[in-house]
Amino acid sequence: MDTQEASLKVIQELQGAVFKMMTSDRSRNRSTANNSPEVVTSAKLDAIHARLLQLEMKIDSKPSYPQALALGVASSGIFNAALQLWNSVRQSTSSSNSS
């Protein structure tokens with residue numbers, strides 16, 4: 001599944017969850033004396049908004065495929081440079097000890 005298909009699936013599931021949340025337990029909400037339906041609906045929308053923000057932050061924090069590939073290439077280059085540096089230091093110390 002590619003990124004666009006996954007995004008569409010998440011959006012469809014979220015729309016379904018919002019619809020279910022908004023339409024569920026209407027009779028229970030109407031019988032509540034202290035909370036009007038508008039207050040309950042507002043609280044539900046606030047909860048949904050908070051969850052969507054958390055999901056968006058999680059999605060934004062994960063690297064995409066090109067970013068992950070670039071990180072892999074960069075880390076490989078850094079590792080090779082460190083290995084060459086280590087070999088150079090080892091050779092220079094071994095030549096100093098043999099003199």
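Helices, taken as DSSP runs of H or I with at least four residues, and strands, taken as runs of E with at least two, are numbered here from the N terminus. The model described is a predicted one, in which local features need pLDDT of at least 70 and side-chain atom pairs count only at pLDDT 80 or more, while totals for chains, interfaces and linings use all residues. Residues are numbered from 1 along each chain as its sequence is written, and side-chain values rest on heavy atoms, with hydrogens and water left out.

The protein chain contains four helices and zero strands, in the order α-α-α-α from the N terminus on. Of the 99 residues, 4% count as buried, where buried means under 20% relative accessible area, exposed means over 50%, and partly exposed lies in between.

The largest pocket holds about 200 Å³ of space. A pocket is here an open set of points, on a 1 Å grid over the protein atoms alone, with protein on both sides within 12 Å along at least five of seven lines, and its lining residues have an atom within 4 Å of a point. The lining consists of T3, A6, S7, V10, I11, L14, L52, L55, E56 and I59, which divide into seven nonpolar, two polar and one charged residue. Both α1 and α3 supply at least two residues of this lining, and the largest share, six residues, comes from α1.

On the surface, V10, L14, L52, L55 and I59 form a nonpolar patch with about 350 Å² of accessible area together. Such a patch is made of residues with over 30% relative accessible area and no salt bridge, nonpolar side chains (Val, Leu, Ile, Met, Phe, Trp, Tyr) being joined within 5 Å. The elements giving two or more residues to the patch are α1 (3-23) and α3 (37-61), and α3 gives the most, with three residues. V10, which is found in helix α1, counts as partly exposed because its relative accessibility is 31%.

M21 is likewise placed in helix α1 and, at 22% relative accessibility, counts as partly exposed. M21 and T41 lie 20 residues apart in sequence, and their C-alpha atoms are 9.1 Å apart in space.

Methods
Patches are made of residues with over 30% relative accessible area and no salt bridge: like charges are joined within 9 Å, nonpolar side chains (Val, Leu, Ile, Met, Phe, Trp, Tyr) within 5 Å. Accessible areas come from the Shrake-Rupley method with a 1.4 Å probe; for residues, only the protein chains shown count as cover. A salt bridge is a side-chain nitrogen of Lys or Arg within 4 Å of a carboxyl oxygen of Asp or Glu. Buried means under 20% relative accessible area, exposed over 50%, partly exposed in between (1.4 Å probe, protein chains only). On a 1 Å grid over the protein atoms alone, a cavity is a set of points where a 1.4 Å probe fits but cannot get out, and a pocket is an open set with protein on both sides within 12 Å along at least five of seven lines; lining residues have an atom within 4 Å of a point. Grid points are joined across faces, edges and corners, and a volume is the space filled by probe spheres set on the points. Ala, Val, Leu, Ile, Met, Phe, Trp, Tyr, Cys and Pro count as nonpolar, Asp, Glu, Lys and Arg as charged, and the others, Gly among them, as polar.
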